[in-house]
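User: I'm new to this one. Please pick a single part and walk me through it up close, with a bit of background on the whole chain too.

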Amino acid sequence: MQSSMLLPVTDVEDVDDAVAADWLSSVRFLSLSLTNYLSYRSAKLDFGDFTALVGPNGSGKSNAVSALKLLRDIPLHGLPAAIARRGGFDQLRHRSSGRPYDPAIRIDYQVGDNPPSFYELRLGSVKGKRYAVKRERGAVYVSGDQSYFDHEGGTLTYTEVIGGDDKLLSMREAHARVPPGQSAVTLSGGFAAYLTGIVLQSAQTLEINPSRISDLQEPASVREFEPDGANIASVFEEMSAHNRSELAELLSVIVPGIVRIEPRHVADRLTMLFVQDLGQGPREFFAKQMSDGTLRVFGILVAMLQQRRPAMLAIEEPEIAIHLGALQTLVEVLTSHSEGSQIVITTHSADIVDNLDMDDLRVVWTEQGSSRIASVAEHTREPVKRGLITPGALLRADALDPSA
């Protein structure tokens, strides 16, 4: 007997988009561990449905998001390109007293009610500021079955176990060579490496650029939302009628009067048309005529409701160019949708923090030259619980103390 979720190592290409979508709908990210990565010597970020990273400029908030970007880029573009996009291997390494250290990243996640799965990547330096994969490994638990891969010294070993320890039905093990500097998740490295690649791609980061949304866009075949919004018209065009209607309704709560949004072809380019009615009849506006704040909100909502919804959406400083009333509503919308897609934000906004639970906050700070992350200390939570002060006021006063 063979589990329908566990495939022979040669058959992973037979998994269709519908099966992959089922996996992603039940994926929940648990934590991100960073060792010698950029400003982090050693840190662990625990995820909830909604997670807000708060702290001073330069404390390391964006560096944590950078790790998510790196992980996502590995299956999409390959490990060499993923590292190059971060400035090269030497730029990734944490430095203490001028000495560089070799970086490592680990992400833990869970598929449904199965035991936690993980992916870990450790890089080592070689002569000429180049890198080698010191070790790369992962374990996936799905439908009671287990699948592993371990890549070390250029050799990949992958093992698939059908049934648990109490009822072992069968086990497969195979070996392969991995080219220098490459990742196993971009190869046919068995079910664990294949699913790991899908999961890593499902953690999407956003850096919305309103000018990229307002410009006429070339039609794109890429289904996933580009982080800056450069393919937003194509992504919106592929959305279901239900999701388009929901998006227009959500945007109308933030931008009064929006009744309809449509993709429009202009010669061989695409743009967005917004229809607004403020009681004097409908008026049409192209994306170029909309404010930066409206386009940023629109971009975030499209990313959240896109056809292949990400398991996690990381947004850097959503408050930029968005006025206070719209910002509070946007946070409410994101929070209400965070069970479907986990939300991670970096923010300096006390108004955002005031609209979140203290359990949603992660304090980022610098200590002895390294970034640290922790939840809010209990002694800081107590006056908030008693109604003596708000979390936003504590943030303004730089008094959101970490628990460690």
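Analyst: Among contacts (heavy atoms within 4.5 Å) with a separation of 6 or more, 59% link residues 24 or more positions apart. A word on the source: this is a predicted model, where local features need pLDDT of at least 70 and side-chain atom pairs pLDDT 80 or more, while totals for chains, interfaces and linings use all residues. Numbering runs from 1 along each chain as its sequence is written, and side-chain values use heavy atoms, with hydrogens and water left out.

The chain has 13 helices and 19 strands, which are DSSP runs numbered from the N terminus (helices: H or I, at least four residues; strands: E, at least two). Its radius of gyration is 22 Å, close to the 22 Å from the globule rule for 404 residues, so the chain is as compact as a globular protein of that length. That radius is taken over C-alpha atoms, and the rule is 2.2 Å times the number of residues to the power 0.38. Of the 404 residues, 53% are buried, meaning under 20% relative accessible area with a 1.4 Å probe, protein chains only.

An α-helix has 3.6 residues a turn, so residues three or four places apart point the same way.

Terms used
Buried < 20%, exposed > 50% of the residue type's maximum accessible area, 1.4 Å probe, protein only.
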